[in-house]
Amino acid sequence: MLDIQDRKYANEITAANEGERVSIAGWVHEKRDLGGVFFLVVRDISGFAQVTLIRKKTEKELFERVKRVPRESVVAIQGRVKSEQKAPNGYEIVPERMEVLSEASQVLPLDTTGKVGAELDTRLDARFMDLRTERTKHIFIIRSHVLKAIRDFLDERGFIELNTPKIVSAATEGGTALFPISYFEREAFLNQSPQLYKQMLMASGFDRVYEIAPIFRAEEHDTTKHLNEATSIDIEVAFVDHEYVMTLLEELVAFVYSKVADYPGLAKLNSNLEVPKTPFRRITYDEAIELLSGVGEEIEWGEDFSTSAEHTLGKIIDELYFITDWPSAIKPFYAQPAAGGTCNAFDLMHPRVELSSGSQRVHSYELLKQQIESKGLSADNFEFYLDAFRYGMPPHAGWGLGAERLLMCMLGIGNIREVVLFPRDRRRLVP
Ligand code: AMO
């Protein structure tokens, strides 16, 4: 048995290792038979290594075994490094031994070289295999970099990362979009947002918190921008207003773009990523309506923007922007009311889709209770939350940013499902 624990990654070897004996392990990406010469391309997470066999020089048994090994089988190969300018990373491996660690079935669900395209559904059904393609692999490496950049940014600014429950008793974002679950003898729900909990934490003295966690929305949408299980990046900050958290949000988004722009694998995605300049443009809800009416799209005051209105605005503005001064009537009960029926809430928009919403929150117990009731909700269901406002609650503000929306927009990806490992939507519960 080859000592595969001592293997080298494809990108750890260079022409400078000429003559050294190395072991590599990975998947059989491609096989090319040129008669007298046979190339086997082995893929690992770092890239590709070319294994070259010359019929006249290679031991016959090894030559035949390598030739027969099905594509996508997992192999370990030991051999000598030889410099070869035309090969990936400038070297090839002249093999001495090969072990097939796991033989792949002959008919593959997908072509991992990306030469033969596949429908998104086919790719998602065989996601483990789709992740072997360069494009998909880089999407998820970028996703990891994005979440790390966000944590770095917030940690640097004194935030604490906390985790709130995902099994809850009450809705936060309006009553319809909840997944009920049976919780012993009671009914419970999967949480739509950490909203109530992150606000309760403001009464604890933890004055800068964040959470990166799943949110569950039972919306029946079958669109390219909705998931039933999404990842929300939520923050809440005490002793500040909505303006403060908007600045934080635009700086965070610009920072994340700049980190992704520096990632070499971005080239595999053909995205035209441009790092946005801060501050982002701000328009009020009224100004948005005016812009829309200028192009013949009519919105009534107090109505949310439709997808088509969002697209029209996106075309007109064509950069990241905030919509501010929303009517209280269409924002949740926790948004702080302001003059003229508006509230201190905002949405951060990408020209394609909404990325985030947030607000300054109501921190007065009486007003909050009143707002809950004025939305037709029962204050009794919110007792646990309201309690936190009775014994010293500072003013506070925060936002929720959709991780998948951010990724899809930043990378120019058409369908949100592409940036989730195993997406949950109206039709998809497996894999
Ligand atoms: P909201 O409901 O606007 O606000 O959600 C915040 C952000 O989460 C993302 N998002 C989704 N992404 C994919 N699929 C979905 N079904 C989905 N639903 C939401 C979006 C959205 O902008 N509690 C407030 C936030 C706050 O005020 O702090 C909230 O949840 O990117």
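Me: What is the relative accessible area of proline 431?
Reply: Proline 431 comes out at 38%, so it is partly exposed. That class lies between buried, under 20% relative accessible area, and exposed, over 50%, with a 1.4 Å probe and protein chains only. This is a predicted model, so local features need pLDDT of at least 70 and side-chain atom pairs count only at pLDDT 80 or more, while totals for chains, interfaces and linings use all residues. Residues are numbered from 1 along each chain as its sequence is written, and side-chain values use heavy atoms, with hydrogens and water left out.

Me: Where is proline 431 found?
Reply: Proline 431 sits in the segment after helix H11 (403-411). Helices (H or I, at least four residues) and strands (E, at least two) are DSSP runs, numbered from the N terminus.

Me: Which residues is proline 431 in contact with, leaving aside neighbours within four places in sequence?
Reply: Leu124, Asp125, Phe422 and Arg424. Contact means heavy atoms within 4.5 Å.

Me: Switching to the sheet. What is the order of the eight strands?
Reply: The open sheet runs S6-S10-S11-S16-S15-S14-S13-S12, with mixed pairing. Two strands pair if DSSP finds at least two bridges between them.

Me: Which strands stand at the edges?
Reply: Strand S6 (160-161) and strand S12 (281-284). Each has a single partner strand, so one side of each has no neighbour in the sheet.

Me: What about S14, buried or exposed?
Reply: Eight of the eight residues of S14 are buried, so the rest of the structure largely encloses this strand. One side carries Thr342, Asn344, Phe346 and Leu348, the other Cys343, Ala345, Asp347 and Met349.

Me: How many bridges join S13 to S14?
Reply: Six, between S13 (residues 321-327) and S14 (residues 342-349), which run antiparallel. In that pairing, tyrosine 321 is opposite methionine 349 and tryptophan 326 is opposite cysteine 343.

Me: And how many bridges between S14 and S15?
Reply: Five, again in the antiparallel sense. Alanine 345 faces serine 359 in S15, and a hairpin of four residues joins S14 to S15.

Me: Which strands does helix H6 lie across?
Reply: Helix H6 (residues 242-261) lies across S10, S11, S12, S13, S14, S15 (354-360) and S16 (396-402), at about 30° to S16. Helix H4 (residues 134-156) lies across S6, S10 (208-216) and S11 (229-238), at about 150° to S10. Axes are lines fitted to C-alpha atoms, for helices over the stretch in contact, and angles run from 0 to 180 degrees between N-to-C directions.

Me: Now the ligand. How many residues surround it?
Reply: 23, the closest being Gln195, Arg217, Glu354, Ser357 and Arg361. A residue is counted if one of its heavy atoms lies within 4 Å. S15 gives the most to the shell, five residues.

Me: How much of the ligand does the protein bury?
Reply: 92% of the 620 Å² that the ligand exposes when taken alone. Those areas come from the Shrake-Rupley method with a 1.4 Å probe.
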